[in-house]
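I opened the notebook today to write down, entry by entry, what I looked up in this structure. The sequence and the model come first, and my notes follow.

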Amino acid sequence: MLQELTTSNRLGVRRLGFSSKIWKCLERSDRQKFNLYRPSSDELDQMLAVARNSMMLADSGIIRGIIAANPDSVRIASQPGTAQEDRGIVALLPLNAEGTDAIINGRFNSAAPDTTWISDPGEQPSAIYVWLIYMPGSFGRMLTAFADALEPFLQTPVPVFSKAVSAHSRRLQQTSGFIDAQSIYPSCSSDLLVVLPERLEPAPKAKCEVTVARSIEDVFQVFSVRSATYIAEQFCLYSEEFDGNDFCSTHWLGKVDGDAAGCIRARFFGEFAKIERLAVRAEYRNSRLAYQLVRAAVEHCRKKGYRTLYGHSRLDLQRFWQVFGFRPIEDRPPIAFANVKYVEMRLDLAPANDVISLASDPMHILRPEGAWDRPGPFEATPTADNSLRQQLLEQRTRTVKKTAILA
Ligand SMILES: CC(C)(COP(=O)(O)OP(=O)(O)OC[C@H]1O[C@@H](n2cnc3c(N)ncnc32)[C@H](O)[C@@H]1OP(=O)(O)O)[C@@H](O)C(=O)NCCC(=O)NCCS
């Protein structure tokens, strides 16, 4: 029986190109393994009825046909010591060479898979299709059940296909390491994703960094990111995007593996700071850089003493801004500019005692913006103690003023 093959170290799963996020999640779940078993007919009916309340499933007759072809394709997952209603169902279709050919050539119908495409019990499949994962509770439980169910099919790692049923599901799977199947198999259906057997180590994590844009070169990079996002994707006019406020703002530049990937800017008013122009280039989305950019801007404004931050959230991005504590401003209807609707949001920050204030060390106030925690250019040698300059100043300063101005 397949369950007996389940190894405790998930060696097969580890040889697939899942992202480091998945690896971390699996490491956390190492002690919460699932029992996976073939359901009785009654148990299957009962579980399918529960799952049908929240998702579209193939007809029961089709599911039974697949089980007849390979009884290990549909299994119940339960954790020892947990309640009956916490059980889930994991259906993975082990595809033989013919089934794999069908999927990579756009002939695969997930609503009614052909049973001749299913590999025999115990036979090494050439590919796997994730047909159904229903698991109440957290993403972590779902992932663990999926990994445990997958492992026995991966004595030789093979491509694992799945379907993006919505934009959200596509994004979630992409952050897990799935890629558009068409990028590997051009004839594949466009809604399919695939994770490939490609490495023994976790995918190297892209290096994301965010810094205040300090040089003209940094600012050029910020402008190129904004051109590629707001102008190219949201069709902003040049005059709207580069609105005359750029040279009175602070900008942050986000890089992924050294390449200009994202940006954000802030403008400062008496009562509040306004955070705006958040952008991440399409090819670097899902890297979490957007989060780092917002955090850097918020932290910067907080350090400058701002207790109120203000911003315009695109209507569909309110949840994203809420992660940082931004809330829609009550009784203010959405506003629209450049044909896009926005909601006014504010973030109220708690008072803090590490803000830059008049009580701060004057040499700290002198430091570059946002780098208040490390010595600035005036504190470095030879700048701080430059004997040549001392000499020149002494020669050129009028005798009468020397004592007054020279350090
Ligand atoms: C907005 C933007 C910076 C987000 O960057 P990203 O790399 O896609 O962000 P992430 O993948 O880290 O996703 C951040 C969150 O925003 C949500 N999100 C991103 N784009 C979304 C969209 N179009 N619709 C709904 N939610 C979306 C995601 O669901 C995600 O939430 P999660 O962590 O709960 O999954 C990027 O899409 C962008 O540059 N867009 C064009 C410019 C723009 O509209 N800026 C925002 C102005 S308010």
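Entry 1, a hairpin. I looked at the hairpin of S14 and S15, where two residues lie between the strands and Ala338 takes a positive phi near 50°. Here I take helices (H or I, at least four residues) and strands (E, at least two) as DSSP runs, numbered from the N terminus. The model is a predicted one, in which local features need pLDDT of at least 70 and side-chain atom pairs count only at pLDDT 80 or more, while totals for chains, interfaces and linings use all residues. Residues are numbered from 1 along each chain as its sequence is written.

Entry 2, the partners of S15. I noted that two strands pair if DSSP finds at least two bridges between them. Strand S14 (residues 335-337) pairs with S15 in the antiparallel sense over three bridges, and Ile335 has Tyr342 as its bridge partner in S15. S12 and strand S15 (residues 340-348) are also antiparallel, with seven bridges, and the partner of Tyr310 in S15 is Arg346. Strand S13 (residues 327-328) runs antiparallel to S15 and is joined to it by two bridges, with Pro328 bridged to Met345. I reminded myself that strands of a sheet pair through backbone hydrogen bonds, either parallel or antiparallel.

In what order do the strands of the open sheet of seven strands come? I read the order as S1-S2-S3-S4-S5-S7-S6, with mixed pairing. Strand S1 (35-37) and strand S6 (179-180) stand at the edges with a single partner strand each, so one side of each is left without a neighbour in the sheet. Helix H7 (residues 139-150) packs on the sheet and touches S1, strand S2 (74-78), strand S3 (88-95), strand S4 (127-134) and S5. The direction of helix H7 makes about 40° with that of S3 (axes are lines fitted to C-alpha atoms, for helices over the stretch in contact, and angles run from 0 to 180 degrees between N-to-C directions). Inside the sheet, strand S5 (residues 160-163) and strand S7 (residues 192-195) run antiparallel and are joined by four bridges, and Ser162 has Leu193 as its bridge partner in S7.

Which residues are closest to the ligand? I found 17 residues around the ligand, the closest being Ala279, Val280, Arg285, Ala290 and Phe320, where near means that the C-beta atom, placed from the backbone, lies within 6 Å. Helix H9 (216-234), strand S11 (273-280), helix H11 (289-303) and strand S12 (308-314) are the elements that give two or more residues to this shell.

Ala290 is found in helix H11. Is Ala290 buried or exposed? Ala290 is buried, because 22 other C-beta atoms lie within 10 Å (buried means 20 or more other C-beta atoms within 10 Å, exposed 12 or fewer, and partly exposed in between, with C-beta atoms placed from the backbone). Leaving aside neighbours within four places in sequence, Ala290 is in contact with Gly262, Leu278 and Val280 (contact means C-beta atoms, placed from the backbone, within 7 Å).

I recorded 15 helices and 15 strands in the protein chain, whose C-alpha trace spans about 100 × 50 × 45 Å along its principal axes. Buried residues make up 31% of the 407 residues in the protein chain.

Technical notes: Two residues are in contact if their C-beta atoms, placed from the backbone, lie within 7 Å.
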